[in-house]
Amino acid sequence: MHELSIMMSILDTCQQEAEKAGAGRVSKIHLQIGERSGVVVDSLKFVFSMATQDTMAEGAELEIDLIPFEGECPHCNRRFHASAGFLVCDQCGNYAKLIGGQELNIKSIEVED
Amino acid sequence: MCQECGCLEVDQIKIDGKLLSARNHTHQHDHSHHAENNVDTGREISIKQNILQKNNQIASHNREHFAAHHVFSMNWISAPGSGKTTLLEKMIEDLGNNLSIAVIEGDQQTDNDAARIRQAGAEAVQVNTGAACHLDAEMIHQALHKLPLQKNSLLVIENVGNMVCPTAYDLGEHLKLSIISCTEGDDKPLKYPDLLLTSKVLLINKIDLLPYLDFNVENCMQWAKKINPEIIIFPVSAKTKEGLSEFYQWLQQNL
């Protein structure tokens with residue numbers, strides 16, 4: 001629901017970093033988004049071309065690494081992909097700890113002069 | 001803010017009815033270290049920064065403010081109509097004599113809820129988010145300027161009724177508390193898992209209506225625990241006050 005405002009924050013940061021580096025154009029934006037960050041990757045992609053229009057990132061490539069929602073079991077130490085959305089160990093059935101999947105990061109950008 | 005639902009107009013945001021002046025969208029922090037080796041065309045610049053960093057910085061500032069005043073702060077998130085404001089009214093009635101409670105009310109429009117809180121006997125500031133669907137750290141920062149916080153007090157931030165967007169925004173609170181009411185269906189944790197995942201406490205409200213509903217409290221609790229094994233759950237009724245004393249007991253141990 002809030003993907004466009006998230007995208008505006010992303011572009012805000014990218015533009016500042018590009019300007020700081022003396023670049024004239026952003027050609028690529030590389031993000032890391034957790035499966036359970038609350039942000040829908042398809043929606044981010046959907047709003048990208050609209051949000052970048054008339055900015056220095058117009059026409060840029062958007063690369064998104066989807067970080068899996070992972071748990072670690074304190075009993076059997078198994079690290080697993082909680083694909084069903086439950087932090088329950090898929091081996092021994094005990095409750096597990098969240099270790100990844102809530103990321104919301106800008107990894108890097110590529111710029112041109 | 002949420003342009004997708006037609007907002008972003010910062011001019012729409014009101015604190016106690018007064019328009020919040022345009023917010024500063026520039027970042028003050030220094031990132032010069034990131035761009036050290038990059039001079040060529042088509043070059044990569046490493047950023048490694050949280051997308052919501054600006055919000056998170058203001059949230060940290062709010063957090064320091066709470067710590068300096070020994071204020072315990074909770075961010076209450078639920079669907080509209082789950083009973084947040086009624087629960088707060090009861091809490092003020094039950095605990096207000098021995099505990100200073102202040103409330104920041106978030107709603108798209110009206111100051112009805114802040115008026116209810118003041119009527120109940122606590123300090124309240126109303127934030128109107130306009131079309132935006134969540135509170136952010138800057139709104140709380142501005143609201144705090146209007147809210148005299150007592151030492152050793154409790155601050156409740158009642159977020160805009162929405163189980164999705166508010167979960168991503170750190171306001172500087174000590175914890176997020178989610179509320180599911182029995183009229184909403186016992187599978188609500190499965191439908192809105194991100195909220196459960198980020199919450200420390202879940203209140204299952206309106207249990208006085210259980211005889212009239214197909215809501216299974218056990219199922220709801222089990223699903224919530226599977227999503228977030230550490231979540232602490234209290235089934236309560238704001239109307240009859242059933243279960244509230246257990247919640248108050250937990251609260252007082254955590255102040």
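Me: Where does E58(A) lie?
Reply: In this predicted model, E58(A) is in the loop between α2 and β2 (61-67) of chain A.

Me: Buried or exposed, or in between?
Reply: E58(A) has a relative accessible area of 39%. The cut-offs are under 20% for buried and over 50% for exposed, so E58(A) counts as partly exposed.

Me: What does E58(A) touch, leaving out residues up to four places away in sequence?
Reply: R25(A), T52(A) and Q53(A).

Me: And how far is its C-alpha from that of Q32(A)?
Reply: The C-alpha atoms of E58(A) and Q32(A) are separated by 20 Å, and the two residues are 26 apart along the chain.

Me: T52(A) is in α2(A). How does α2(A) pack with α1(A)?
Reply: Helix α1 (residues 3-20) and helix α2 (residues 41-52) of chain A pack at an angle of about 55°, and their axes are 9 Å apart. The two helices are therefore oblique to each other. Their crossing is right-handed.

Me: Which residues meet there?
Reply: From α1(A), the residues are E3(A), L4(A), I6(A), M7(A), M8(A) and L11(A). From α2(A), they are S43(A), L44(A), V47(A), F48(A), M50(A), A51(A) and T52(A).

Me: How many of those are nonpolar, polar and charged?
Reply: The contact of α1(A) with α2(A) has 10 nonpolar, 2 polar and 1 charged residues.

Me: Switching to chain B. What is the secondary structure?
Reply: Chain B has 8 helices and 10 strands. It has 255 residues, of which 55% count as buried.

Me: What about α2(B) and α3(B), at what angle do they pack?
Reply: Helix α2 (residues 84-95) and helix α3 (residues 112-120) of chain B pack at about 15°, with axes 9 Å apart. Angles under 35 degrees count as roughly parallel, so that is the label for α2(B) and α3(B). The crossing of this pair is right-handed.

Me: Which residues make the contact?
Reply: On α2(B) they are T85(B), T86(B), L88(B), E89(B) and I92(B), and on α3(B) they are D113(B), R116(B), I117(B) and A120(B). By class, the contact of α2(B) with α3(B) divides into 4 nonpolar, 2 polar and 3 charged residues.

Me: How does α2(B) pack with α8(B)?
Reply: The angle between α2(B) and α8(B) is about 70°, and the axes are 12 Å apart. These two helices are therefore roughly perpendicular to each other.

Me: What residues are in that one?
Reply: α2(B) contributes L87(B), K90(B), M91(B), D94(B) and L95(B). α8(B) contributes L244(B), F247(B), Y248(B), L251(B) and Q252(B). The contact of α2(B) with α8(B) has 7 nonpolar, 1 polar and 2 charged residues.

Me: And K241(B), where is that?
Reply: K241(B) lies in the loop between β10 (232-235) and α8 (244-254) of chain B. At 29% relative accessibility, K241(B) is partly exposed. Not counting residues up to four places away in sequence, K241(B) touches K90(B), E93(B) and D94(B). Its C-alpha is separated by 9.9 Å from that of N205(B), which is 36 residues apart from K241(B) along the chain.

Me: What is phi for K206(B)?
Reply: About 70°, a positive value although K206(B) is not a glycine. K206(B) is found in the loop between β9 (201-205) and α7 (217-227) of chain B.

Me: And N152(B)? What is phi there?
Reply: Phi of N152(B) is near 55°, also positive in a residue other than glycine. N152(B) lies in the loop between α4 (137-145) and β7 (154-158) of chain B. N152(B) counts as exposed, at 57% relative accessibility.

Me: On to α4(B). How many of its residues are buried?
Reply: 7 of the 9 residues of α4(B) are buried, so the helix is largely enclosed by the rest of the structure. The buried ones are A137(B), E138(B), M139(B), I140(B), H141(B), A143(B) and L144(B).

Me: What do they pack against?
Reply: The buried residues of α4(B) pack against β1 (14-15), α1 (53-68), β5 (101-107), β6 (123-128) and β7 of chain B.

Definitions and conventions: Residues are numbered from 1 along each chain as its sequence is written. Chains are lettered from A and ligands numbered from 1 in the order in which they are written. This is a predicted model: local features need pLDDT of at least 70, side-chain atom pairs count only at pLDDT 80 or more; totals for chains, interfaces and linings use all residues. Side-chain values use heavy atoms; hydrogens and water are left out. Axes are lines fitted to C-alpha atoms, for helices over the stretch in contact, and angles run from 0 to 180 degrees between N-to-C directions. Helices (H or I, at least four residues) and strands (E, at least two) are DSSP runs, numbered from the N terminus. Angles under 35 degrees count as roughly parallel, over 145 as roughly antiparallel, 65 to 115 as roughly perpendicular and the rest as oblique. A crossing is left-handed if the near helix is turned anticlockwise from the far one by less than a right angle, and right-handed if clockwise. Contact means heavy atoms within 4.5 Å. Ala, Val, Leu, Ile, Met, Phe, Trp, Tyr, Cys and Pro count as nonpolar, Asp, Glu, Lys and Arg as charged, and the others, Gly among them, as polar. Buried means under 20% relative accessible area, exposed over 50%, partly exposed in between (1.4 Å probe, protein chains only).
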